[in-house]
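The following report describes a protein model for a reader who works with coordinates. Please keep the structure in view while reading.

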Amino acid sequence: MAEATPEITLQIYAQALENLEKAYDILHTPYSNFMVESTKILVSPDYPVEIRINIGVMLRNILIEQWELIQPSRKIIRELLLNGLVMNVSNMPIIELISSIIVSIIVLDPSHIWPSPLMELLNWMDDINAVESSLELFLQLFGKLSETNGEHQNLLKEIVPSVLEKGFGIFAQPELNEMLREKILLMVYLVLRSISFADGTDNSLVNKCMDNTFQIWMSLFLSALQTSPKSHIFIKKLVLKILIVIFRDFGVYSRKSLALSLIPIWKFFNSITQLYIGHIVYQIDVEHIDGLFVEESKELPISNQRIINLRNDIEYKYLNEDDDYENHIEGLCAYSIELITILVTKPALYNLIKFGTFPLLNTLSTFLTATKEQEKQWVKDPSYFILNDEEELLQKSVRTLALKLINDMIEKYGDQFIQQILIVGEKLILNRDEKEFIDLAQSIISKLNFQELKGQQSKDFDQDSVMQFMKGSIITINNNHYLRSFIQKRKETGYLLLGSFSEDIIVFQQKHQSTFDIKKCMQNILYELEKQNSHSLQARAIWSTTRYSDLISHQFKELFVPLFESVIVYLDSKYPITLRIISVKALGNYASKIHKYSIPFEYKQEFMESVLTVLQEATQDQMISILESTIHLVKFSPNLATTLAKNGSKVLLQFFSVFHSEQVVIKPFNELIVRICQCKEAYPYIFEVFCPFILDCFQVFYEDVHKIQDKSKIKQSDISLMSAIMNITSTFIKFCSDSKAQDAFINLLPSMVNLILINEDPQLQVHTSQCLKNFIIIETGQILKMNLVQDVMKVNLKLLEVPQNSANESASLFAGNLVMITINNLLDGNPDLNLLKAVVFKIYRSRMPSTVQSLVLVYARMIIEKPKESIAFLTSWSIDNRMALKVLIDKWLLQQPLFRGKGTKNATFSALMKLFLVKDKTLENLLVIGYNPSHQNINSDVYAPFKILSLLIRCLDNEIVPSKQDNVDQQQEDDRLEVDNDEDDFNDKRYQDQVDVDLEKIKDDEDQDIADRFALLDPKEKKDKGLADLETGSTLYMSEFLDFNQEVGEECDETTEEDLTYLKDPCLNINLVDTLKEFFTNLQKNDQEYFKFCLRHLLKEDILLLQKHIKLNS
């Protein structure tokens, strides 16, 4: 085979560079020595650097791809590359390229090949001029190995001890420059990450790698932290990252070093607070930070370089991680907090740290101080400030890290630490003298029993050392130019601290006597709001009041009115939008409490115009919270609703026209419209503005629809707009109480009916049918007068059609509601048989529980009123050779656990009780899908009464436990806020209201008369295709959905509840638990043999559930 010369090799690469798209094919040459010649050119100083780099970049990829195929050349290439490191000592771009190729080869090669060459490179580092070249290779190597999770254990075991030893020896050489020291530390960091996988799983590997050098490295790390905080900042940052890896990832190996390392790390943690305040908070140049803490009155030089890059940032070059900190000092502070967080969570340090939580908290409070960058962000992006607590903690900053650590310490150290939060928070918001604070701390710390620390590893940890930590945690600004600003920052920090942990503080206050007075704190906020403070401080103070609004509601109701009046002031347009948004949110919070507790209050209604202005200026993300707060204000006062409608309806209409398609925003907006329309005084104002818009849009859309033959061509944007308009029109119709509004909308009715019949869009159908339903409720007489009953019937049947696209089932979401209202208002309560059949057929083909729920309600109400007649009707016809009764009962019993809403559950379960008690022979012989069905369960059928009884038992259990828990939760909340509570009461009284049933009366012998009423065929012998035959593709029937394990307090279907209220449903206000208990009591009392027979066929789990709430004497 022909061999390539250097000239041929260069020509091939030139061709590849000229035609990069075909470079891959060009570089696959027939020359057997092409890879070797390419490597020679790469490492040879005789060729231009640019050419060598271009060749190296292309060679790396092709070499790695063909490495297994070039067996004869591999040894030569390895030697060439290693020699290339020596030949190019001063040429770092080439060194970096050669190193990357070597590392890629090491990963591919067997592990025994490389230890010796790598050891030679380590020895080469004895030459100070060769250190950087060798370091480059080892940095890239361990960067790669740190990502492999121990895949190269043998190589690591051979080289790591020598790498750590050689690295320390070179680091200690006085002539070494700062940059090389940084690279050595970074190499140590990567080495530790590479072997961290073995801690606790292969301790022998860790011991071999670290035993010889661990102690001297640890001494070096801790010594580095004790130098001046302003010196060697990047080295300290790397040391912190290394210590984080040691104590986080080497939990087993580092145990013995924990206590000895705690005090040096803690001292360093205290020492960088001035650096944080000076450079990060005020952006003062590092060299002039000391001027903050001496008595003078001048402004200090601002750092010209916001990002402190002591070198080209080697972190980003060698680490596949981004620490998100632009400034090395900010990173230094952040990693310090992260390291302290790791130490705090160590069980071995618990007893030590619990004596030092007070000074630790005081230091952390310094790191909560808002920086200049955060204040700029506060102005530029209000969303950053008004996030909820969970979202705020996702923002990566020193402040959020400190908050997370405080939260962790609350969980670990409990009430002792919460008390310290109160003391520090009070000091900050009242700007107390630090000397007084030290005296207070001294008195508290002196009461601690330090004798408990005898035998601990750290002998230097005593009362005096804790007081030194406390004194070291104090920050005092003496430069008068910054003093007022710092005081306001301290207050903002205090409010942040007390507000962020308000729930823990409130619980603590109820459990213990405390000198901290929350009422006095709230009164202090009122005082602050009257002063000319920074806007960020005012906003934080207002925010903190909302964190205590529940407590104020119970104990200091009189504060709400002055708070409300003070915060209204900050709605003025002269204040920043962030402060105004916070104020609107606070007013909504206060209003909900004032309304709930009927606190008398006289207020000026004009401020609602300012609320509207804030809504107009807010971004889309901010609008949601403003709308929610406005809803609270409108609910709080009809006068505010009227003012808003009178002065702001045009603004609301503009808002609707812009955001009607944004579901996240339009949902609270629609609720606001509902609340305004509920107010009779407000309704005319908003109706007058919205009505012409609605009528015009409807007319234009209706005309356009009739012009378009293919309805699928209708613009989605038009459908979306009309859907939103129908939704809001439904609200206007629902609450209209005067003839003017009724007359305005009645002309829409024929067109609306026609629109439903010709339109196929699910969303538009849902809202239009809801609108029609409200028309029927309000305008029954007009519908009869206009002879539209048959058209309404067509709409019902249209909604009950089974669409070809199952996704369109959502169009029938409230079809059952419309059927119920139609029967009640337009058919005098006498249902149309075709309509009833269509309901069952729709149930048969529906998969959505919400759709099935509304349809089942139609039959549930019929069964409650006329059970026997309903059964007779359902047994008189069939669907797909299945009796209609079976179709209904099967789907009903399967999805009953998914029905929601008090009225719906009351009606459907009452109907099931009626069905059980009617003892209809056809029903008793009806086989339905079993207790806990799944698609894998083939023989799942049981008799209908058994399944009904099982569901009723599960319902009783489901309703008792959440309802009792809700009551307990509410009582505990009230007690927590008002008086102490004995939490054991709940457990003692939980089952005192059980029903007594004598199980002795339920004997084993069967009553053949009862048994004869059931089919002779044992359900276990029934062979069918299970659920797969009933409904292919449905995933709603898995057994876990049928255990009533829905989230407690799930939001009920308000629309259905309102319709049942309108229909005066007899079951709406029953107590379902009491009704079920009465059912079981009467059943046992009046028909115990039947009860016995059915119980014997239930699952054991059902009997156990029944025993939880009914005493059964076995």
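Of the 1114 residues in the protein chain, 55% are buried, where buried means under 20% relative accessible area, exposed means over 50% and partly exposed lies in between, with a 1.4 Å probe and protein chains only. The model is predicted, and local features therefore need pLDDT of at least 70 and side-chain atom pairs pLDDT 80 or more, whereas totals for chains, interfaces and linings use all residues. Residues are numbered from 1 along each chain as its sequence is written, and side-chain values use heavy atoms, with hydrogens and water left out.

The secondary structure of the protein chain amounts to 58 helices and 6 strands, these being DSSP runs numbered from the N terminus (H or I of at least four residues for helices, E of at least two for strands).

The largest nonpolar core holds 376 residues, and F142, F221, F690, F732 and W892 are the ones that touch the most other members. Such a core is a set of buried Ala, Val, Leu, Ile, Met, Phe, Trp, Tyr and Cys residues joined through side-chain atoms within 4.5 Å. Helix α23, which covers residues 398–429, gives the most to this core, with 17 residues.

Leaving out residues up to four places away in sequence, F142 touches L156, I159, V160, V163, M187, L190, V191 and S194. S194 itself belongs to helix α10 and is buried, with a relative accessible area of 1%. With the same exclusion of residues up to four places away in sequence, S194 touches F142, L145, S146 and L156. The C-alpha atoms of S194 and Q153 are 9.3 Å apart in space, while the two residues are 41 residues apart in sequence.

Two helix pairs are set out below; axes are lines fitted to C-alpha atoms, for helices over the stretch in contact, and angles run from 0 to 180 degrees between N-to-C directions.

| Helix pair | Axes come within | Crossing angle |
|---|---|---|
| α9 (residues 153–171) and α10 (residues 178–195) | 10 Å | roughly 155 degrees |
| α13 (residues 233–249) and α17 (residues 328–344) | 9 Å | roughly 20 degrees |

The crossing of α9 past α10 is left-handed, a term used if the near helix is turned anticlockwise from the far one by less than a right angle, clockwise being right-handed. On the α9 side the contact is made by L156, V160, V163, L164, G167, I170 and F171, and on the α10 side by R181, I184, L185, M187, V188, V191, S194 and I195. These contact residues divide into 12 nonpolar, 2 polar and 1 charged, with Ala, Val, Leu, Ile, Met, Phe, Trp, Tyr, Cys and Pro counted as nonpolar, Asp, Glu, Lys and Arg as charged, and the others, Gly among them, as polar.

In the second pair, α13 and α17 are roughly parallel to each other, and their crossing is left-handed. The residues of α13 that meet α17 include I233, F234, L240 and F247, and those of α17 include H328, Y335, E338 and L343. The contact of α13 with α17 divides into 12 nonpolar, 3 polar and 5 charged residues.

T363 sits in helix α19 (residues 357–367) and is buried, with a relative accessible area of 0%. Apart from neighbours within four places in sequence, T363 is in contact with F269, N270, T273 and S473. T371 lies in the loop between α19 and α20 (372–380) and is buried, with a relative accessible area of 6%. Residues up to four places away in sequence not being counted, T371 touches Y276, I280 and V281.

The backbone also deserves a check. Most residues other than glycine have a negative phi. S598, although not a glycine, has a positive phi of about 50 degrees; S598 is placed in the loop between α32 (577–596) and α33 (607–617) and is exposed, with a relative accessible area of 61%. D828, likewise not a glycine, has a positive phi of about 55 degrees; D828 is found in the loop between α44 (815–826) and α45 (833–845) and is exposed, with a relative accessible area of 66%.

Key. Contact = heavy atoms within 4.5 Å. Parallel < 35°, antiparallel > 145°, perpendicular 65-115°, else oblique.
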